[in-house]
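The points can be taken in any order.

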Amino acid sequence: MTLLENHPEKNIIRAQLRQNILLKDLSESERAELETHLVIVDGNKGDFLLHQGVREMEQYFILDGILKRVVSNPEGKEMILRFADAHDMETSYAALRLGTPTPYGIVCVTKARVASLPLKEWIAFLDRHPETKELFEYCVMRGMSEIMAHTITLHLLDAPGRVHRFMRKHPELEDRIPSKELASYLNLSAETLSRLRKRGKI
């Protein structure tokens, strides 16, 4: 990881940060204030940015690639809660506010690059900038609502219905997520997903 200020691609990264859903409307002074805290992290497919069950938490702004939020049990079985790609963010804000360990991990689905800072520093920044805080809390609540809707979908829709809903909700991700990851997210086997595609069901 490298401080943004010292990164050889800092100008490109700054341009990417200007497209982030949370940061695009910051003033120049607000942007400069935040950038002093940011480090740039490059991850390969399968790398953990955040492990489940820890208390050291970060705020992530996604620059490139796709991340997944995933819960696992002691036997190693996983459930993918959501995917997030460039211009989006990842956080464990609720856990920090509740004083609990992280209830999920954050993992690179593809090669990825993020800008991050300690979550407590991000919260301190938000406390100084209420408009950004309001937007951030809206994004957190929207993400939680989407996860709830997805969980309900797994119970109420059949396999083709789950796939169709994902394609409708996330057309930008359809061709970029490995089939194994997409099948896991939809609680299908990779074989079932492949069979649906071959039969023209999706």
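1. Basis. This is a predicted model, in which local features need pLDDT of at least 70 and side-chain atom pairs count only at pLDDT 80 or more, while totals for chains, interfaces and linings use all residues. Residues are numbered from 1 along each chain as its sequence is written, and side-chain values use heavy atoms, with hydrogens and water left out.

2. Five-stranded sheet. An open sheet of 5 strands runs in the order β1-β2-β9-β4-β7, with antiparallel pairing. Strands (E, at least two residues) and helices (H or I, at least four) are DSSP runs, numbered from the N terminus; two strands pair if DSSP finds at least two bridges between them. At the edges are β1 (2-3) and β7, each pairing on one side only. Strands β2 (residues 39-43) and β9 (residues 112-118) are antiparallel and are joined by 5 bridges. Within β9, Ala 112 stands opposite Gly 43.

3. Helix on that sheet. Helix α4 (residues 119-128) packs on the sheet and touches β4 (58-64) and β9. Contact here means heavy atoms within 4.5 Å. The direction of α4 makes about 70° with that of β9. Axes are lines fitted to C-alpha atoms, for helices over the stretch in contact, and angles run from 0 to 180 degrees between N-to-C directions.

4. Four-stranded sheet. A further open sheet has 4 strands in the order β3-β8-β5-β6, again with antiparallel pairing. Its edge strands, β3 (48-50) and β6, each pair on one side only. From one strand to the next the twist averages 30°. Strand β3 is joined to the antiparallel strand β8 (residues 105-108) by 2 bridges, and Phe 48 stands opposite Val 107 in β8. Helix α5 lies across β5 (66-72) and β6, at about 135° to β6.

5. Aromatic pairs. There are 7 aromatic pairs in the whole structure. Rings of Phe, Tyr and Trp (its six-membered ring) pair if their centres lie within 6.5 Å; planes under 30 degrees apart count as stacked, over 60 as edge-to-face and the rest as tilted. One of the pairs, Tyr 93 with Phe 136, is edge-to-face, at 4.9 Å centre to centre and 85° between the planes. Tyr 93 lies in helix α3 and Phe 136 in helix α5, so the pair ties together parts 43 residues apart in sequence.

6. Largest pocket. The largest pocket holds about 680 Å³ of space. On a 1 Å grid over the protein atoms alone, a pocket is an open set of points with protein on both sides within 12 Å along at least five of seven lines, a cavity is a set where a 1.4 Å probe fits but cannot get out, and lining residues have an atom within 4 Å of a point. Grid points are joined across faces, edges and corners, and a volume is the space filled by probe spheres set on the points. Of the 32 lining residues, Arg 82, Gly 143, Met 144, Glu 146 and Ile 147 are the closest to the pocket centre. Helix α5 gives the largest share of the lining, 8 residues.

7. Cavity. The search finds 1 cavity of 30 Å³ or more. The largest cavity has a volume of about 50 Å³, and its lining includes His 150, Arg 162 and Tyr 185. Helices α5 and α6 are the elements that give two or more residues to this lining.
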